[in-house]
Amino acid sequence: EFVRTQFPAFAEPSLAGTAFFENAGGSYACRQVIDRLGEYYRRLKVQPYGGYAASREAGQWMDQAYERLAPYLGVPPEWLHFGPSTSQNTYVLAQAARKRLRRGDEIIVSQQDHEANGGVWRHLSDDGVVVRNWNVDSRSGRLDPAALAALITPRTRLLAFPHCSNIVAEINPVRAIVAQARAAGVWTVVDAVSYAGHGLADLAELDVDAYLFSMYKTFGPHQGLMALRPAFLDWLGNEGHYFNA
């Protein structure tokens, strides 16, 4: 009952008698998120980090988003990057990697991935990048680490796979898969959209290079969040203003 009182949707008469199970499509925000967004739009929706009071406070609120989320994920605030959605974030990430990958370089994409994480990497084949499919077991739907080992070669640069499949609900052993890839010098990109709604991961323990999920599927605002290891971020090409390079 306490949890239900934190979500205004449960008190909305037009929604009475309806049960919601669409984590994949989004979630209602809790009142703390709604109240904070409302106050920000009323008082602080200005250019942040300026010299006047409202601008300074707006910047402080933006900084707090990083500082308060980082401990949940077990990484420093500098690892976190916001974007409009995970689909958009993975697209930008793939375009940044495109600038570092050369013709004949190889990437591995699991067939257990959502199209938002798989498709953006497969499109790199247009530039001569070799895409190798990490196929699921046809009977269980699982990803076999032994099959992954057979796909890794000296030209392999990156591996993309999900923390949890949104089709068969398989939770993958991320730490073991990342260790296998890191031993071969392969970057890892983990789509956690289907997992994050059920529990936030300790990224320091998982040791991933890139970890992505959607805040609007974890009772927050409509934003996508990426946690990027600094070494991986330094390797990527610049997709922002030229002076951000």
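The legends below describe close-up views of helix packing and nonpolar cores in a predicted model.

**View A. Packing of helix α4 against helix α5.** Helix α4 spans residues 86–98 and helix α5 spans residues 115–122. Their axes lie 9 Å apart and meet at an angle of about 20°. Angles under 35 degrees count as roughly parallel, so α4 is roughly parallel to α5. The crossing of the two helices is right-handed. On the α4 side, the contact is formed by S87, T90, Y91, L93, A94 and A97; on the α5 side, by A116, N117, V120 and W121. Sorted by class, this contact of α4 with α5 holds seven nonpolar, three polar and no charged residues.

**View B. Packing of helix α2 against helix α3.** Helix α2 covers residues 31–44. The angle between α2 and α3 is about 155°, with the axes 10 Å apart. Angles over 145 degrees count as roughly antiparallel, and α2 and α3 are therefore roughly antiparallel to each other. The crossing of α2 and α3 is left-handed. From α2, the residues in contact are R36, E39, Y40, R43 and L44; from α3, they are A54, E57, A58, W61, M62, Q64 and R68. By class, six residues of the α2 contact with α3 are nonpolar, one is polar and five are charged.

**View C. The largest nonpolar core and a separate one.** The largest nonpolar core has 33 residues, of which W134, L159, L203 and Y211 touch the most other members. Elements giving two or more residues to this core include α3 (53–73), β4 (156–162), α7 (174–183) and β6 (210–214). Helix α7 supplies the largest share, four residues. Another core, of 21 residues, lies apart from it and includes L93, L101, A210 and L236.

Conventions:
Residues numbered from 1 in each chain as written. Predicted model: local features only at pLDDT ≥ 70, side-chain atom pairs only at ≥ 80, totals over all residues. Heavy atoms only, no water. Axes fitted to C-alpha atoms, helices over the stretch in contact; angles between N-to-C directions. Parallel < 35°, antiparallel > 145°, perpendicular 65-115°, else oblique. Left-handed = near helix turned anticlockwise from the far one by under 90°. Contact = heavy atoms within 4.5 Å. Nonpolar A, V, L, I, M, F, W, Y, C, P; charged D, E, K, R; others polar. Core = buried A, V, L, I, M, F, W, Y, C linked by side-chain atoms within 4.5 Å. Buried < 20%, exposed > 50% of the residue type's maximum accessible area, 1.4 Å probe, protein only.
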